[in-house]
Amino acid sequence: DPWLASLRAKLGFADAKFTYGLIFNKKPKAPRTFWHQDGTVWNTDLAYQDDAPEILQLHYLEGSDKDYGALRVLPGTHRLRHELHGILAAIPKGDLRSAKDTKTMPFATFPDEITINTKPGDMVLLDARLLHATHANNMDTARMCVTLSYLSTDALANEEVLARYTRKIDGFDLSTPIPYIPKGLPPELEAAYKQYLPPRYS
């Protein structure tokens, strides 16, 4: 989409490459999710730079609000330390993902958090380093969101980051780079798709 490409360019992502996409299906009556950061640059200097090394492009297929699984963000936490950083590092991710106890600090409401309400078809661009979570879905219908991740030119120039996208993942037999090119694409579509992927790393 030319409009999206121009928008990413304004944010310094003119040559950004697509790394992965996820579909989040927040089921009816699903609890709130825990505070977390995404990204692939944590062990590099990129994690501390002003400009975003990775952005998330969130497409909301339904609207969202405080009762319908809306996104929550903590402004400034992509650049400044927050009390949650130490707390989250000490808790196994499996316990957080299973939402065993949503009354604990990783699920808490903070005075400075912002809820981002959306309408169907809205898009949110997010620095992947920003602490974010969601409200519970108290409705009787699912809330769908498609998330696409893009790496900046600076991030792609970093060998440690680039190496993550040509590897095998434990538990899966993947002989192709990540992200992979779907099989059976027409040659012209495969060529168009390749230009948006990170270069192969060996």
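Predicted model: local features only at pLDDT ≥ 70, side-chain atom pairs only at ≥ 80, totals over all residues.

Student: How many helices and strands are in the chain?

Tutor: The chain has 6 helices and 8 strands. Helices are DSSP runs of H or I with at least four residues, strands are runs of E with at least two, and both are numbered from the N terminus. Along the sequence they come as α-β-β-β-β-α-α-β-β-β-β-α-α-α.

Student: What makes the chain agree with a compact globule?

Tutor: The rule is 2.2 Å times the number of residues to the power 0.38, and the radius of gyration is taken over C-alpha atoms. For 202 residues a compact globule would come out near 17 Å; the chain has 18 Å, so the two agree. Its C-alpha atoms fill a box of roughly 50 × 40 × 35 Å along the principal axes.

Student: Why is the link between Arg79 and Asp50 called a salt bridge?

Tutor: The label needs a side-chain nitrogen of Lys or Arg within 4 Å of a carboxyl oxygen of Asp or Glu. In Arg79 and Asp50 the closest N and O atoms are 2.6 Å apart, so the pair qualifies under that cut-off. It links distant parts of the chain: Arg79 is in the loop between β4 (71-73) and α2 (83-89), Asp50 in the loop between β2 and β3 (54-60), 29 residues apart.

Student: Why is Arg79 called partly exposed, and why does Asp50 count as exposed?

Tutor: Buried means under 20% relative accessible area, exposed means over 50%, and partly exposed is in between (1.4 Å probe, protein chains only). Arg79 has 32%, so it is partly exposed. Asp50 has 60%, so it is exposed.

Student: What other salt bridges are there?

Tutor: The count comes to 5 salt bridges. One of them joins Asp140 to Lys29, with the closest N and O atoms 3.4 Å apart. Here Asp140 is in the loop between β7 (132-134) and β8 (143-151) and Lys29 in the loop between β1 (17-26) and β2 (33-36), 111 residues apart. Both Asp140 and Lys29 are exposed. Another joins Arg129 to Asp127 at 2.9 Å, and those two residues are both buried.

Student: Which residues make up the largest nonpolar core?

Tutor: A nonpolar core is a set of buried Ala, Val, Leu, Ile, Met, Phe, Trp, Tyr and Cys residues joined through side-chain atoms within 4.5 Å. The largest has 11 residues: Phe34, Trp35, Leu74, Leu84, Leu88, Leu96, Ala99, Phe107, Phe110, Leu131 and Ala133. Both β2 and α2 supply at least two residues of this core. Another core, of 10 residues, lies apart from it and includes Leu56, Leu58, Val124 and Leu126.

Student: What does Leu74 touch?

Tutor: Contact means heavy atoms within 4.5 Å. Leaving out residues up to four places away in sequence, Leu74 touches Trp35, His82, Leu84, Phe110, Asp112, Glu113, Leu130 and Leu131.

Student: Why are β1 and β6 said to stand at the edges?

Tutor: Two strands pair if DSSP finds at least two bridges between them. The open sheet runs β1-β8-β3-β6, with antiparallel pairing. β1 and β6 (123-127) each have a single partner strand, so one side of each is left without a neighbour in the sheet.

Student: How do you know that β3 and β6 pair?

Tutor: They are joined by 5 bridges, and the rule asks for at least two, so they pair. His59 stands opposite Met123 in β6.

Student: What about β2 and β7?

Tutor: They run antiparallel and are joined by 2 bridges, so they meet the cut-off of at least two. Thr33 has Thr134 in β7 as its bridge partner. Both strands belong to an open sheet in the order β2-β7-β4-β5, where β2 and β5 (114-116) stand at the edges.

How values were computed
Residues numbered from 1 in each chain as written. Heavy atoms only, no water.
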